[in-house]
Amino acid sequence: RTVEPLEYYRKFLKENCRPDGRELGEFRTTTLNIGSITTADGSALVKLGNTTVVCGIKMEFAVPTVDAPNKGYVVPNVDLPPLCSSRFRPGPPGEQAQAASQFIADVIENSQFLQKEDLCIEKGKLVWVVYCDMMCLDYDGNLLDACIIALLAALKNVQLPSVSISVETGLAEVDMNQKNQLNIRKHPVATSFAIFDDTIFIVDPTAEEETLASGMATIVVDEEDRLCAVHKPGGSGASGEKLQDCIVRAQTRHREVYKLLSEVMKSVTPSTDGKQEAPKKASLYK
């Protein structure tokens with residue numbers, strides 16, 4: 001395995017399995033915990049096998065732009081600190097972190113699951129800014145899938161106070177006793193594949209499998225089976241037939257994750273003071 005890791009993997013792939021015992025189309029156990037960061041407006045922690053991502057949401061006021069007076073802002077950021085893997089170094093965001101942040105920004109824009117018009121408090125005067133900070137605590141491959149699940153769960157965990165503009169003073173007045181959830185219109189879920197020898201596609205690759213693979217692909221679909229994004233950062237090509245197979249698998253994965261997300265959200269009931277119950281956790285074994 002150390003001398004010829006790719007040949008070692010190929011022996012398993014020929015038998016339609018992987019060294020960790022999974023089948024080619026099998027995901028690692030997915031665990032979701034929401035509301036774990038009490039200082040954030042919304043938060044979620046996702047474990048996909050060993051890969052662990054925590055997402056914290058902070059909401060702030062801002063003045064809208066002249067071109068879009070009724071639109072708020074959504075600012076996603078992915079952080080890959082050295083503590084999550086020895087492959088990352090201290091300093092400014094690396095190429096992989098920047099690419100992940102841009103990919104998530106594209107998913108938000110394309111899927112329209114959080115529309116910027118819904119973040120408007122008063123047209124031309126005040127809007128919400130949604131800061132979505134995702135930090136990887138343990139990196140073992142398939143970062144994008146974990147980030148999308150964590151982001152979606154954290155946004156659904158947000159409780160926004162009621163805000164209005166005072167006619168007399170022109171200042172924002174916040175009513176902490178009246179809180180509402182963000183209007184999440186769609187629920188996009190990402191499914192990533194590693195490509196071996198241009199023909200073999202395996203889901204939920206580990207960090208080792210990503211290193212050995214000749215290419216990667218990520219498919220994002222929503223609950224209506226609508227294709228929201230395809231991320232194919234170079235490497236081996238993929239035929240139309242193979243991509244269609246990937247989309248079908250992504251649609252199945254969406255139903256699994258959506259069920260997990262729904263179960264966790266049902267287990268959390270906001271109290272009258274706006275605070276939520278203790279963090280809830282649920283696992284998916286598919």
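Predicted model: local features only at pLDDT ≥ 70, side-chain atom pairs only at ≥ 80, totals over all residues.
1. A residue is called buried when its relative accessible area is under 20%, and exposed when the value is over 50%. Trp128, with a relative accessible area of 9%, is therefore buried.

2. Trp128 has a ring partner in Phe61. The two ring centres lie 4.8 Å apart and the planes meet at 40°, so the pair is classed as tilted. Phe61 belongs to strand S3 (residues 51-62) and Trp128 to strand S6 (residues 126-138); with 67 residues separating them, the pair links distant parts of the chain.

3. Tyr8 is partly exposed at 25% relative accessibility, while Tyr9 is buried at 2%. Both tyrosines belong to a cluster linked by ring pairs, in which Phe12 and Phe196 also take part.

4. A charged side chain also meets an aromatic ring. Arg253 is placed over the face of Phe27, at a distance of 3.9 Å from the ring centre.

5. Strand S7 (residues 159-165) has five of its seven residues buried, so this strand is largely enclosed by the rest of the structure. Its partner is strand S8 (residues 172-181): the two run antiparallel and are joined by seven bridges. Within this pairing, Ser162 stands opposite Asp175 of S8. The hairpin made by S7 and S8 has six residues between the strands, and Gly170 in that hairpin adopts a positive phi near 75°.

6. Ser192 deserves a separate remark. This residue lies in strand S9 (residues 189-196) and is buried, with a relative accessible area of 2%. The side chain of Ser192 makes a polar contact of 2.7 Å with the side chain of Asp145. Leaving aside residues up to four places away in sequence, Ser192 touches Asn142, Leu144 and Asp145, a run from Ile202 through Val203 and Asp204 to Pro205, and also Ala217 and Thr218.

Note on methods
Residues numbered from 1 in each chain as written. Heavy atoms only, no water. Buried < 20%, exposed > 50% of the residue type's maximum accessible area, 1.4 Å probe, protein only. Helix = DSSP H or I, 4+ residues; strand = E, 2+ residues; numbered from the N terminus. Pairing = 2+ DSSP bridges. Polar contact = N/O pair within 3.5 Å; in protein donor to acceptor, adjacent residues only side chain to side chain. Contact = heavy atoms within 4.5 Å. Phe/Tyr/Trp six-rings, centres within 6.5 Å; stacked < 30°, edge-to-face > 60°. Lys NZ or Arg CZ within 6 Å of the ring centre and 35° of its normal.
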